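These are my notebook entries on one chain. I record what I looked up, in the order in which I looked.

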Amino acid sequence: MARSLVIKVTAGEDAPERCNQAFTVAAAALASGVPVSLWLTGESAWFALPGRAKEFTLPHAAQLGDLLDAVLAAGRVTLCTQCASRRDIKVDDVIEGVRIAGAPTFVEEVLGEGVQALVY
């Protein structure tokens, strides 16, 4: 059975290295043929909005907008329901391909057979 990754990123511009690591691991896993579901929670919720990932910079790191594009093209990106609500982000606000879902969906994903969950 193939393994898959569920990556939950809780950091945004408040912890740029941790944030970028999550996106980098997600894109690298997808490039290696591993199915990936990336969850945007906490401060990373802002990256579900158009243009926000492109504004993020971290020296000596891959551009976050490019990493997000790679995950959107080959994986799944989910914005946490509560995190979106706390930031007044609505479904019509997010990048095409980003879904909004909550804890029950996250739990279902991480409890799947052959799933490895990572939290950044």
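**Basis.** I work from a predicted model, in which local features need pLDDT of at least 70, side-chain atom pairs count only at pLDDT 80 or more, and totals for chains, interfaces and linings use all residues. Residues are numbered from 1 along each chain as its sequence is written, and side-chain values use heavy atoms, with hydrogens and water left out.

**Elements.** I found five helices and five strands; helices (H or I, at least four residues) and strands (E, at least two) are DSSP runs, numbered from the N terminus. Along the sequence I read the pattern β-α-β-α-α-β-α-β-α-β.

**Burial.** I noted that 42% of the 120 residues count as buried, that is, under 20% relative accessible area with a 1.4 Å probe, protein chains only.

**Contacts.** I looked up contacts (heavy atoms within 4.5 Å) between residues at least 6 apart in sequence, and 69% of them join residues at least 24 apart.

**Helix 1.** I traced helix 1 over residues 16-31; its 16 residues reach 22 Å from first C-alpha to last, close to the 22 Å expected at 1.5 Å a residue. The expected span is 1.5 Å times one less than the number of residues. Its buried residues include Cys19, Phe23, Ala26 and Leu30. An α-helix has 3.6 residues a turn, so residues three or four places apart point the same way. The cover over the buried residues of helix 1 includes strand 1 (4-9), strand 2 (36-40) and helix 3 (64-74). After helix 1 I noted glycine 33, with a positive phi near 90°.

Notes
Buried means under 20% relative accessible area, exposed over 50%, partly exposed in between (1.4 Å probe, protein chains only).
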